[in-house]
Amino acid sequence: MKHDEAEDIVKEALTDVVPEADLTTLGPDETFRDALGMDSLDFLSFIEILTRRTGVRIDDEDAPHLTTLADSTGFLLARTE
Amino acid sequence: MTWETIRKDTTAQVAPNLADYARERAEFTWSRARKRLDGLPCGRGLNMAYEAVDRHAGTTRGGKVALRCLARDGTVTTVTYTELACRTARFANVLRSLGVGRGDTVFTLLGRCPELYTVVLGTLKNTSVLCPLFSAFGPDPVEQRLRLGDALVLVTTAALYRRKVAERRPELPGLAHVLIVGPGAEELPGTLSFDALMAAASGHFAIPPTSPEDMALLHFTSGTTGTPKGAIHVHEAVVAHHATAAYALDLHPEDVYWCTADPGWVTGMSYGVIAPLVHGVTAVVDEGDYDALRWYRILDEQRVSVWYTAPTALRMLMRGAPPRQSNDGRAVHDLPALRFVASVGEPLNPEAVVWGQESLGLPVHDNWWQTETGCIMIANFAACEIRPGSMGRPLPGVEATVLERGEDGRARITDNGVRAVHEPDVVGELALRPGWPSMFRGYLHDEKRYEAAFAGGWYLTGDLARRDEDGWYWFVGRADDVIKSAGHLIGPFEVESALMEHPAVAEAGVIGRPDPMAGNIVKAFVSLRPGVEPTASLERELLAFGRRRLGPAVAPREIAFDQNLPKTRSGKVMRRLLRARELGLPTGDLSTLEGSV
C-alpha cells in the first residue's frame, strides 16, 4: 500500500463516521478524537471501517497508534507491508 | 439459554455492608440512615457539600486523598479532603462575588477534570443549584437545557464554549456569567477566567443554613414527547446517595473507587461526585476517553477496589484485550486490589456478567435506577447470589412492584387506581413507592408532567420489567418510545425536531435499533419534501446535520428514507410500528393508522 492510498483510507473512514468533519483543517498530528468531537462508539466504528477496507486486524493494543492522520496512516502502512 | 446462578464465596476479603438481605430490609429506615450523616453544625440543616467535604476536612481524615485525577497524558494529581474544602469554599465565594445566590442555577459543561468537583461542590455550598451537561452534546441540546434550566452561570472550557455555546449566546439573555476553566477567557468576549476568579477569592466560606428540601441538583432527562425534563433533586438526596453506595456498591472508607460515568449524567453526579466523597473514599477521576488498555492500566496501577461502570464499556472490553492465562489455565486479568464491580445504564447481558467472572475474576453486579430516582433502587449485592441478566432486588428502604399494563403499554390507570401484578414472570410497568430521600421533587416549570408520573400511590418508571418467583427483577424494555443508547436516554422528539429543520426533510420518525455494543443506536426514518431525491450524499448530509446540531451522543447513527411513514389518523408518526418493522415483529393492531388495511 502506498502512503497516499493509506491516508485516503483513513480520511474516508473518518468522514464516514464523522460526516460533518472538515478534514482540510485537520493537521496531520492533531488528535482527531478531540478535534472532531468523536465519542468512543465513533472511534469503534472508525477502526471497524479500517479493518473492513484493509483486512488489517486492529486490537485494543493498537489504539494508541490510531490517534492522528499521520500515525493512523503509518500504522496501516506498517501492517500492510 | 438459561444461565447458571452465580453463588458467592462466604469468605469475602471485606465484610459486606449488606450481609443479610432480609434482615437489612426489615430493619432499615431512612431516618436512621439520615443519622449516619453529620448535618450542618448547630442544627443549621443538611447540605450535600458539607457531608461530602467539610465534615472530613476538619478531622484526621482531612489529609486523605479525596480525588486522584488522571490527565489525558497520564499525569496524576491528587486533591486531599482539606484542599477540596478550601477550593470549594473559594468557588462559593466566587459565586457570591458575582451576585449568584440561593436557588440560582450554575451549569457545568466540562469533562472529568478536578475543577468539575470544585464547581459542583462549591455551588452546593453556596446553596445554588448545579446542573451538569454532557460534553458530547451538540449546540442544540446545550442551548435548550441552558434555557429550560434558567442558567445564570456556565462553567466550561474555551474549546467547548467556542464549539457549542458562543454562537447561541445571543439567544440566552439570562446567562449572565460564563467562566472559562484553563486558558482562553481573554480571547472570548463575555467570559471570565475561572482561574483568575479563584485566585482572588478567599478559601473560607460559611455554608448558609440549608433545608434538606432546598433544591440542589437539576438533571435533564428525555421523554417521548416535548422538550427535555429537568428533574429536581434536593439536598436530602445525600442520605440516599450515602446509604445506597454502602449497600449496592459496598463502599468502605479504605476503598479506592472508580466511577467511569460522565458527570454530565446523573450517575456521574450521584456516584461519581457525591456518594464516594460522603463515604470519605479516594475517588479516581480519569479525564481520558475510553481506551481498553488505559482502563486496565488504571484498574491495576491505581489499585482500584470498587469499580462502577456501564454495560457498553464492558462490552467494548469484551471484544478485545484477551487476558493473560493464569496458573490454573483460566484467563484472568491480574487485578488483586479489585474486589467489587457494578454496572448501570442499561440491562447488563448475562454474557457480560459471566465475562467478568472469567476474565476479571469477579462477576459484574448490575443495578437499576434512573434520573428521577436519584439513587440506585434495585441491585445485585456483594453478599448475594447473582442471577445473570437480572437487575437484582430492591434496596432496603425501597418498595418496588410491577403494574398491570393497559393498551398503550404503560400501567393501566382506572378510577380504582392501578393494579399490581402478583403472579411471577408477568411483564408490567416497574413502579416505586414514593418517599425515599433522593426521589425527584418535580420537573422544573412542568407540574403537569410531574403529576403524570404518579398513579395510585406509585411512581411510574416507564420501564417494563418482570419479577421472578423469588423476587428478582428482570428488565424487559421501555414502555414508551424513549431510546436507551450506551446508557443514556434519548428523546426521539428532540432528534425528530432537529432533523425536520433541514430543508430536505418533510417528516421524521426516530427509534432505537438494537445494537450489540450500545444496546440501541438512534435510527431515523425520514420522508423527503417533494422533488428531493433520496441519494447517498443526502443521507450523509443529514447524518452530518444531525451530529452538528445534536452531538454524537444524541444524533442518529443511521438514516433510512421512507416516503410512506406510518401515521395515526391524527398525523402522528407511529414509532412503535417503525420499530416493529425494523425488528421484523408483528405490527399489532393497525386500525388507527392512516390509509391502513
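Five bridges tie strand E5 of chain B to strand E6 (residues 177-181) of chain B, and the two run parallel. Helices (H or I, at least four residues) and strands (E, at least two) are DSSP runs here, numbered from the N terminus, and two strands pair if DSSP finds at least two bridges between them. Across this pairing, B:Thr156 sits opposite B:Ile180 in E6(B). To get from E5(B) to E6(B), the chain goes through helix H7 (residues 158-164) of chain B, making a right-handed β-α-β crossover. Right-handed here means that, with the strands pointing away from the viewer, the path from the first strand over the helix to the second runs clockwise.

This is a predicted model, in which local features need pLDDT of at least 70, side-chain atom pairs count only at pLDDT 80 or more, and totals for chains, interfaces and linings use all residues. Residues are numbered from 1 along each chain as its sequence is written, while chains are lettered from A and ligands numbered from 1 in the order in which they are written.

E5(B) also pairs with strand E3 (residues 105-109) of chain B, again in the parallel sense and over five bridges. In that pairing B:Thr105 stands opposite B:Ala151 of E5(B). Strand E5 spans residues 151-157 of chain B, and seven of its seven residues are buried. A residue counts as buried if 20 or more other C-beta atoms lie within 10 Å of its own, as exposed if 12 or fewer do, and as partly exposed in between, with C-beta atoms placed from the backbone.

Elsewhere in chain B, nine strands make up an open sheet with mixed pairing, in the order E2-E1-E11-E10-E12-E13-E14-E15-E16. Strand E2 (76-80) and strand E16 (393-394) of chain B are at the edges with a single partner strand each, so one side of each has no neighbour in the sheet. Within the sheet, strand E10 (residues 256-259) and strand E11 (residues 282-286) of chain B run parallel and are joined by three bridges. One pair of bridge partners is B:Tyr257 and B:Ala283, the latter in E11(B).

Then there are the helices. Helix H10 (residues 266-278) of chain B is largely enclosed by the rest of the structure, because 13 of its 13 residues are buried. After H10(B) comes B:Gly280, with a positive phi near 70°. B:His242, for its part, belongs to helix H9 (residues 237-248) of chain B, and it is buried, with 22 other C-beta atoms within 10 Å. The C-alpha atoms of B:His242 and B:Ala275 are 5.4 Å apart, though 33 residues separate the two along the chain. Leaving out residues up to four places away in sequence, B:His242 touches B:Arg36, B:Leu37, B:Ala275, B:Val278 and B:His279; touching, or being in contact, means that the C-beta atoms, placed from the backbone, lie within 7 Å.

Helix H13 (residues 350-360) of chain B has B:Ala352, B:Val353, B:Gly356 and B:Leu360 as its buried residues. Viewed down the axis of H13(B), these fall within an arc of 110°, so they line one face of the helix; the arc is that of the directions from the helix axis to the C-beta atoms. Among the elements covering the buried residues of H13(B) are helix H12 (311-318), strand E13 (340-343) and strand E14 (364-368) of chain B.

B:Asp425 has a phi of about 65° and sits in the loop between strand E17 (400-403) and strand E18 (428-432) of chain B. With 11 other C-beta atoms within 10 Å, B:Asp425 is exposed. B:Ala486 has a positive phi near 50°, in the loop between strand E22 (483-485) and strand E23 (488-490) of chain B. B:Ala486, however, is buried, with 25 C-beta neighbours inside 10 Å.

Finally, the two chains meet: 19 residues of chain B are in contact with 14 residues of chain A. On the chain B side, helix H11 (292-301) and helix H16 (536-550) are the elements giving two or more residues, and H16(B) provides the largest share, five residues. That side of chain B comprises 13 nonpolar residues, one polar and five charged. Ala, Val, Leu, Ile, Met, Phe, Trp, Tyr, Cys and Pro count as nonpolar, Asp, Glu, Lys and Arg as charged, and the others, Gly among them, as polar.
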